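Keep the structure open as you read.

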Amino acid sequence: MVTQTLQEQAERMPRRLASMSKRQRKLRANLVAYSFIAPNFIGFATFTLGPILFAFALAFMHWDGSNPITFAGLDNFWHLFGDRAFKDALFNTIIYTVFSVPLTLACALALAVLLNQKIFGRAFFRTAMFFPYVASLVAVAVVWNMLFNPDMGPVNMILYSMGIDPSHLPGWAADRHWAMVTVILFGIWKSMGYYMVIYLAGLQGINAELYEAANLDGATSWQKFWFITVPQLAPTTFFVSVMLTIQSFKVFDQIFMITQGGPGTSTLVLVYHIYNEAFISWDLGYSSMVSLVLFFMVLVITVVQFRAARDD
């Protein structure tokens, strides 16, 4: 009996060793993978995740950056409903998003389709369209303000030469009725080159046989675009729309460089309002609450976009 038990244990030993060796190899592989991830994750946790969590907690506090932090409960949240600047910023952000996202998407797609054709100077025009995205924002904004200067800008001079009365010329960034238009046009012009490149990549992935079959059936250029190009680019369009929506809700730099939220509050957006409350008024608790509201707005819109794409 004892001899049989010893034999059974001896037979199990190699299997145990093999199992342990397999677990050790798996553990070693996991450690190697985590070692590659660790530097990036540590940086992300230190400079992104940590500040985000601190901002979420700070949304329920009072703090001016120097005095001790005190608990505010929902005071900052209720303050949103009485803050006229927040309402204007929310409205302007929605207006900017509603107009800039579809227009940028349409311009990027049109440029991609045009520059996907075999035309003379195609490489030059692709580079020229992409250049505003990589150019210095400060330099580009200065040039944009010069072009759209209400008094001596080339744009108004061209409009004047076309017979428009000087009293009816747009005031652009200096006019509260035209300031948002100026910012939207700037955003479209600066971003469409980048998304044009993404659409060009999507166009390269469309099977050419689909267009050949459409030609045999006598389809027009518009029919090929509408029934082949657009459906085949649906994943690319979804990606572009999500990225543009997020980008539009967190727009700040071009507002800062062109209008500073003015005239009045005509171009005040949520991120610029957060900047004003945090670094001009030094109400860090309330600015964190506005940031929290912006975060959940973007989250909800992104989730809705993903569900709509999944249903389609």
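## Burial and overall form

In this predicted model, 32% of the 312 residues of the protein count as buried. The protein contains 13 helices and 2 strands. Its radius of gyration is 28 Å, whereas the globule rule gives 20 Å for 312 residues, so the protein is more spread out than a compact globule. Along the principal axes, the C-alpha atoms fill a box of roughly 110 × 75 × 35 Å.

Which share of the contacts with a separation of 6 or more comes from residues 24 or more positions apart? Such pairs account for 66% of them.

## The nonpolar cores

The largest nonpolar core is made up of 45 residues. Leu 80, Phe 86, Tyr 199, Val 240, Val 290 and Leu 294 have the most contacts inside it. Two or more residues each come from α3 (84-115), α7 (179-204), α10 (234-249), α12 (270-280) and α13 (284-311). Of these, α7 gives the most, with 11 residues.

Have a look at Leu 80: beyond its neighbours within four places in sequence, Leu 80 is in contact with Phe 86, Tyr 286, Met 289, Val 290 and Val 293. Another core, of 9 residues, lies apart from the largest one; Ala 135, Leu 137, Val 140 and Ala 141 are among its members.

Notes. Residues numbered from 1 in each chain as written. Predicted model: local features only at pLDDT ≥ 70, side-chain atom pairs only at ≥ 80, totals over all residues. Heavy atoms only, no water. Helix = DSSP H or I, 4+ residues; strand = E, 2+ residues; numbered from the N terminus. Rg over C-alpha atoms; globule rule 2.2 N^0.38 Å. Buried < 20%, exposed > 50% of the residue type's maximum accessible area, 1.4 Å probe, protein only. Contact = heavy atoms within 4.5 Å. Core = buried A, V, L, I, M, F, W, Y, C linked by side-chain atoms within 4.5 Å.
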